[in-house]
Structure formats: structure tokens, C-alpha cells
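User: I have a fold open on my screen and want to learn how to read it. Can you take me through its features one at a time?

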Amino acid sequence: MKKLVLFALVLFSIVSLSACKNDVKLQHFTIGVAHYSDSGPSVTAIKSYLEGLGEALDFEVIYTKLTQTDEATNLTKIQELIAAGADGILISMDLGMPSIVEECEAAGVYLAGFLSDFDTSYRDSFEEVYESEYFLGTVADGYISTEIDRGNSFFRSLIEYNTANPTEIIDHVSMVVFPTWAFPTHHTAAAQFVAAVNEYNKTATNPITVDPLDSEVDIISFRPISSTYFTKHPGIDAVISFAAGAGFVYPPMVNAGLHNSLKIFTSGWEQGMDDNFATTGAKTYQHTEVVAIESLTYSLVLMLNKLYGVEFDDMPEVAQRISLEPIVINSESDLTKFKTNIYYTGLYEDAFLDSDAVLNLTAFGNSNSTYAGLLEALSQMTINDIQ
């Protein structure tokens with residue numbers, strides 16, 4: 001019965017969308033994308049997704065790369081996008097946002113965040129940023145700071161690993177984080193992980209030791225861990241890296257000849273990780289999690305609605321920041337699923353949402369669409385939703 005109901009709903013959506021699409025007169029727009037990186041699997045997927053949607057929905061995309069540290073440079077990059085004809089800008093860096101929003105207001109260009117919780121602006125510049133009619137909100141790269149679950153997520157995977165490998169349990173770990181000024185959520189997640197371990201140890205047959213964060217080697221400023229990391233943490237079985245482990249932990253681990261004996265629990269995805277994931281190869285990686293790049297649909301839909309001059313009836317009055325459940329990969333079966341998603345393949349046709357689905361989520365493409373419906377679509381981008 002559930003399958004029949006689902007089929008009927010899908011059929012209704014297809015028929016409704018077909019009728020809707022015939023009535024939509026598409027307009028041409030230019031969307032600027034200001035991202036903190038210009039290479040890697042996620043960037044490839046972002047470009048593939050936006051360009052696939054743009055071809056179908058008649059918008060073109062122009063790109064720029066932002067910096068992690070220089071507000072003035074980032075403002076210049078935004079000014080360049082505006083000068084190049086951007087009608088709207090998607091931005092993933094919360095650095096110097098009051099000046100950037102002011103620039104966009106002056107130019108009449110809308111701005112929306114993606115893959116960032118814009119926590120600094122939320123705390124320190126709410127009126128200038130979130131209350132501006134030109135800032136449309138953001139979708140975070142996971143949970144926003146008040147809803148962090150990454151520490152618990154890493155802990156759950158650690159326990160799953162120990163349960164599956166009773167003769168090779170992990171009972172001593174260390175951690176790696178980025179600085180608080182850049183990623184305060186890393187420190188929140190680390191504290192959450194420690195709290196989960198402490199609670200577990202109250203009744204555990206095999207308690208787990210977590211080395212406290214060492215400010216000299218565990219807090220890294222966007223560079224690989226130092227050669228002294230492992231001497232500072234003797235006897236560990238695994239590294240819990242809230243920073244991107246593939247780039248910042250794995251290479252030094254290889255250089256030290258430890259990748260065959262130590263495990264990594266981390267976030268992010270880089271090419272080659274699957275060669276040593278779960279039970280494959282050196283079995284170094286036992287957990288990673290990424291956020292679906294298709295989540296930027298949230299920002300894009302709100303942007304296109306503005307450019308077409310329409311709104312959802314249930315649209316919030318003030319810009320929101322939206323949490324997203326990550327795609328957690330901690331087994332061979334999860335990896336097999338993940339390999340069919342656009343994040344891994346870089347192919348537009350492997351995305352969760354195609355152009356028809358995105359158009360159907362917009363207020364200009366579907367008069368019955370809602371903000372609540374957009375949020376519902378975002379909630380269906382986990383490992384369990386990959387077909």
C-alpha cells in the first residue's frame with residue numbers, strides 16, 4: 001500500500017510539473033559563486049551541479065575563490081563578481097560579511113550562503129547581515145553551532161568499529177581540530193566526543209582513553225599536522241580528526257609509516273580515500289562524513305525566487321541558517337552507495353535533485369511550492385537516501 005501511495009504521489013508530481021514547466025517563461029540570469037576552494041571533488045561536483053541546472057533553467061555561473069584570512073581581498077572578489085554582471089551571489093565564506101552585504105545592497109545584488117553556518121555573522125553582525133533584505137540566509141555544512149552532532153557521530157562510528165572488530169578494538173585516541181577563530185564547531189564537536197566517551201566509560205568493559213587537545217600539535221592552521229604529533233601521542237590506535245583528515249593527517253601518517261596501524265575518523269572526501277577505506281587496502285579510514293553539495297539548492301531556490309520577483313507564502317521574515325544532516329560513510333556498503341552520488345562521480349545526472357525537481361521547488365516554477373517543502377527536500381540527502 002505504501003508503494004502504491006508513493007507511486008501515486010510521484011505520478012502526480014510529474015504530471016503537475018509537466019504542466020507547470022510549460023507555463024514557466026524562463027529568464028536569463030548570471031549567478032556568481034564565491035567559494036573558499038577551487039579544486040577537489042566537492043568543487044567538481046558543485047560546478048557540475050550548477051552548470052547542469054543552469055543549462056536547463058537558463059542561468060550562467062561565474063566563479064571566484066575567497067581567502068580564509070583576508071577580509072579586504074574577499075570584498076574585492078565580490079566587487080569583481082558584481083562588475084562581471086552577477087545578478088546574485090552564492091558565498092561560502094563568513095569573513096567580512098557586513099562590508100560584503102553593504103556592497104551587494106548598493107549594487108542591488110542578492111547574496112545567499114551555502115556550505116557555511118555564517119555563525120560569526122549570526123553572533124556579531126546579525127542586524128547588518130541577517131536583517132538585510134539582500135542576504136537570503138544560508139545552508140550549513142552540517143549542523144549549525146547550536147545543533148552540533150559531529151562529536152556524537154564520530155563516537156557512534158568508533159563504537160560500531162569496536163563492536164565489529166572485537167580483537168582489534170580502538171581504546172586510545174587523539175584529536176585534531178582547526179583554530180576556534182576559523183571553525184569553532186570543531187572545538188564544540190571535540191568536547192562532545194570527549195563527553196560521549198566519558199559517559200561510555202562509566203560502564204565500559206574496555207574504556208577508551210582520549211588524549212586532551214595539545215595546543216602545540218592538535219590545533220592546526222590549515223596545514224598538515226607536525227612531525228612531532230605522534231611522539232606527543234604515544235600509544236594511540238586512531239586519530240579523531242575534525243579537520244579534514246585526508247589532507248592534514250593522512251600524509252604525515254604515511255610519512256611516519258603509521259597508516260597501516262592507525263585509523264582515522266574524519267570528515268570530508270578526497271580522491272584516493274576509498275583505496276584505504278573500511279576493509280580495503282590499509283584500512284586507515286573508518287569514518288568520514290560530507291554534506292550533500294545539492295544542499296545549495298536551498299540558496300539557489302531563494303535566489304531565483306527573488307530574481308523572478310516572487311516569494312513563498314510561508315517565507316520567514318528574517319534570513320535563516322539551516323542545518324543539514326551529513327552523509328555519513330563508515331562501512332563498505334555506505335561507500336558503495338556514496339560512489340553513485342554526484343559528490344563522488346562529479347556527474348550532474350547523479351545528483352539528488354535534477355532541474356525539474358529544483359524548478360518544482362521554486363515559487364516561480366510552481367505556485368503551490370512552499371518554504372516548508374524546500375526544507376523537506378533538504379532533509380532527504382543522507383546516506384539512506386542514495387539509491
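**Reading the fold**

Analyst: Start with strand S4, which is covered on both faces: Tyr110, Ala112 and Phe114 on one side, and Leu111 and Gly113 on the other, are all buried. Buried means under 20% relative accessible area, exposed over 50%, and partly exposed in between (1.4 Å probe, protein chains only). Strands (E, at least two residues) and helices (H or I, at least four) are DSSP runs, numbered from the N terminus. This is a predicted model: local features need pLDDT of at least 70, side-chain atom pairs count only at pLDDT 80 or more, and totals for chains, interfaces and linings use all residues. Residues are numbered from 1 along each chain as its sequence is written, and side-chain values use heavy atoms, with hydrogens and water left out.

User: Why is S4 called largely enclosed?

Analyst: Five of the five residues of S4 (residues 110-114) are buried, so the rest of the structure largely encloses this strand.

User: Which strand is joined to S4 by four bridges?

Analyst: First, the general idea. Strands of a sheet pair through backbone hydrogen bonds, either parallel or antiparallel. Two strands count as paired if DSSP finds at least two bridges between them. Here, strand S3 (residues 88-91) is joined to S4 by four bridges, and the two run parallel. Leucine 90 has alanine 112 in S4 as its bridge partner.

User: What is the strand order of the open sheet with parallel pairing?

Analyst: The order is S2-S1-S3-S4-S5-S11, six strands in an open sheet. Strand S2 (59-65) and strand S11 (320-322) are the edge strands, each pairing on one side only. Neighbouring strands of this sheet are turned by 20 degrees against each other on average, direction ignored.

User: Which strands does helix H12 lie across?

Analyst: Contact means heavy atoms within 4.5 Å. Axes are lines fitted to C-alpha atoms, for helices over the stretch in contact, and angles run from 0 to 180 degrees between N-to-C directions. Helix H12 (residues 297-308) lies across S1, S2, S3, S4, strand S5 (135-139) and S11, at about 170 degrees to S4. Helix H3 (residues 71-83) lies across strand S1 (29-35), S2 and S3, at about 155 degrees to S2.

User: Where do the strands of the mixed sheet fall in its order?

Analyst: Six strands form this open sheet, ordered S7-S6-S8-S9-S10-S12. Strands S7 (209-210) and S12 (327-329) stand at the edges with a single partner strand each, so one side of each lacks a neighbour in the sheet. Inside the order, three bridges join S8 (residues 238-241) to S9 (residues 263-265), running parallel. Isoleucine 240 stands opposite phenylalanine 265 in S9. Helix H8 (residues 184-201) packs on the sheet, touching strand S6 (172-176), S7 and S8.

User: How many aromatic pairs does the structure hold?

Analyst: Rings of Phe, Tyr and Trp (its six-membered ring) pair if their centres lie within 6.5 Å; planes under 30 degrees apart count as stacked, over 60 as edge-to-face, the rest as tilted. The structure holds 23 such pairs. In one of them, tyrosine 49 and tyrosine 348 have ring centres 6.3 Å apart and planes at 35 degrees, so the pair is tilted. Tyrosine 49 lies in helix H2 (residues 41-57) and tyrosine 348 in the loop between helices H14 (342-345) and H15 (355-361), 299 residues apart.

User: Are those two tyrosines buried or partly exposed?

Analyst: Tyrosine 49 is buried, at 0% relative accessible area. Tyrosine 348 counts as partly exposed, at 21%.
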